[in-house]
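Hi,

Here is the structure I promised to pass on. Have a look at it first, and then read my notes below.

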Amino acid sequence: MASEESTTRERTHRFGGSAAALAGLLALVIVGAIVATLVARTRWWLPPLASVHGREVDRLLFVTFGIISAAFILVHGVLALFVWLYRDRGQARASYWHEHRGLELTYTIVPAIVMAGLTFSAAGLWSRIHSAPPPTALIVEVRAEQFGWRARYPGADGQFGKIDPRQFNMQANPIALDRADPAGRDDITSAEIHLVVNRPVEVRLRSKDVLHSFFVPAFRVKQDAVPGITVSFWFTPTATGTYEVACAELCGVGHYAMRGKVVVETQEQFDAWLAAPKS
Ligand SMILES: [Cu+2]
């Protein structure tokens, strides 16, 4: 009987050893694959920042990473310590207790305070982005559709013309402008989005068909586009250049190809571009 028990224990130990070796190997393969991908891509961190509010977005990201990394190390350190401290020595019986008021209150209240703190520190930034823009802001309407982006500028009158979906025409009227509205006569539409460096811009985001998401990583801007609703937000680009807009909402079979171009340039370059004919 005793020898039988010890044989079982030996077998369990051997199995435990090989399982641990397998888990270690798997962890090595995963970490190796991640490191290799990051090295191969050469860029392994955030893209260069090109907006004013983005600094605060990055700060929030680093604070969040810091907190969850500390929690991860603490929890797994304690877990590993307990596995080692209370390992099977052959004679001990496992002890178990139910409910520990102090412990339960601690691990409920502490994460709740941390989560509330993170949420409140992000809420200020979120509400600023969605507040009224400064009066000098450039206004551009961005319309998402399956599968591309189209920008509209209000023209000399500063007023956008009305939209009438019934007047949509792929070639002649791709943005479905209401031809009867005089405010729309000087509206300028373009497949590219152009912005002015260091000038706040208010984006009025719409969608023609399904949910999309306007995502410009360099600006730290990501906003859902919802059919039937115009969502406004503003930010200030800080560096000239060409940036990529990606759709961050799975919106159909062509979603992967839904990328656009944002060009940030000086006011003179922008004025010249706006006056020139465009696609
Ligand atoms: Cu999309």
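One term before we start: a residue is called buried if its relative accessible area is under 20%, exposed if over 50%, and partly exposed in between, using a 1.4 Å probe and protein chains only. V196 is buried on that scale, because its relative accessible area is 4%.

Some housekeeping. This is a predicted model, in which local features need pLDDT of at least 70 and side-chain atom pairs count only at pLDDT 80 or more, while totals for chains, interfaces and linings use all residues. Residues are numbered from 1 along each chain as its sequence is written, and side-chain values use heavy atoms, with hydrogens and water left out.

Back to V196, then. You'll find V196 in strand β4 (residues 193-196); helices (H or I, at least four residues) and strands (E, at least two) are DSSP runs, numbered from the N terminus. Leaving aside neighbours within four places in sequence, V196 is in contact (heavy atoms within 4.5 Å) with L138, P237, V264, E265, T266, Q267 and F270. T236 is 40 residues from V196 in sequence, yet their C-alpha atoms are 8.7 Å apart in space.

Now the whole chain. It has four helices and 10 strands, and along the sequence they come as α-α-α-β-β-β-β-β-β-β-β-β-β-α. Of the 279 residues, 29% are buried. Among contacts with a separation of 6 or more, 68% are between residues 24 or more positions apart.

Helix α2 (residues 54-85) is worth a look. Its 32 residues reach 46 Å from first C-alpha to last, close to the expected 46 Å, where the expectation is 1.5 Å times one less than the number of residues. The buried residues of α2 are G54, D58 and L60, and their cover includes α3 (101-129).

On to the strands, where two of them pair if DSSP finds at least two bridges between them. There is an open sheet of five strands with mixed pairing, in the order β3-β2-β1-β5-β8. Its edges are β3 (188-190) and β8 (231-235), each of which pairs on one side only. Neighbouring strands here are turned by 25° against each other on average, direction ignored; axes are lines fitted to C-alpha atoms, for helices over the stretch in contact, and angles run from 0 to 180 degrees between N-to-C directions.

Within that sheet, β1 (residues 138-145) and β2 (residues 148-153) run antiparallel and are joined by five bridges, with E141 opposite R152 in β2. Helix α4 (residues 267-275) lies across β1, β2 and β3, at about 100° to β2.

Elsewhere, β9 (residues 241-247) pairs in the antiparallel sense with β6 (residues 212-216) over two bridges. β9 also pairs with β10 (residues 259-265), again antiparallel, over six bridges. A246 in β9 is the bridge partner of F215 and also stands opposite R259 in β10.

Happy browsing!
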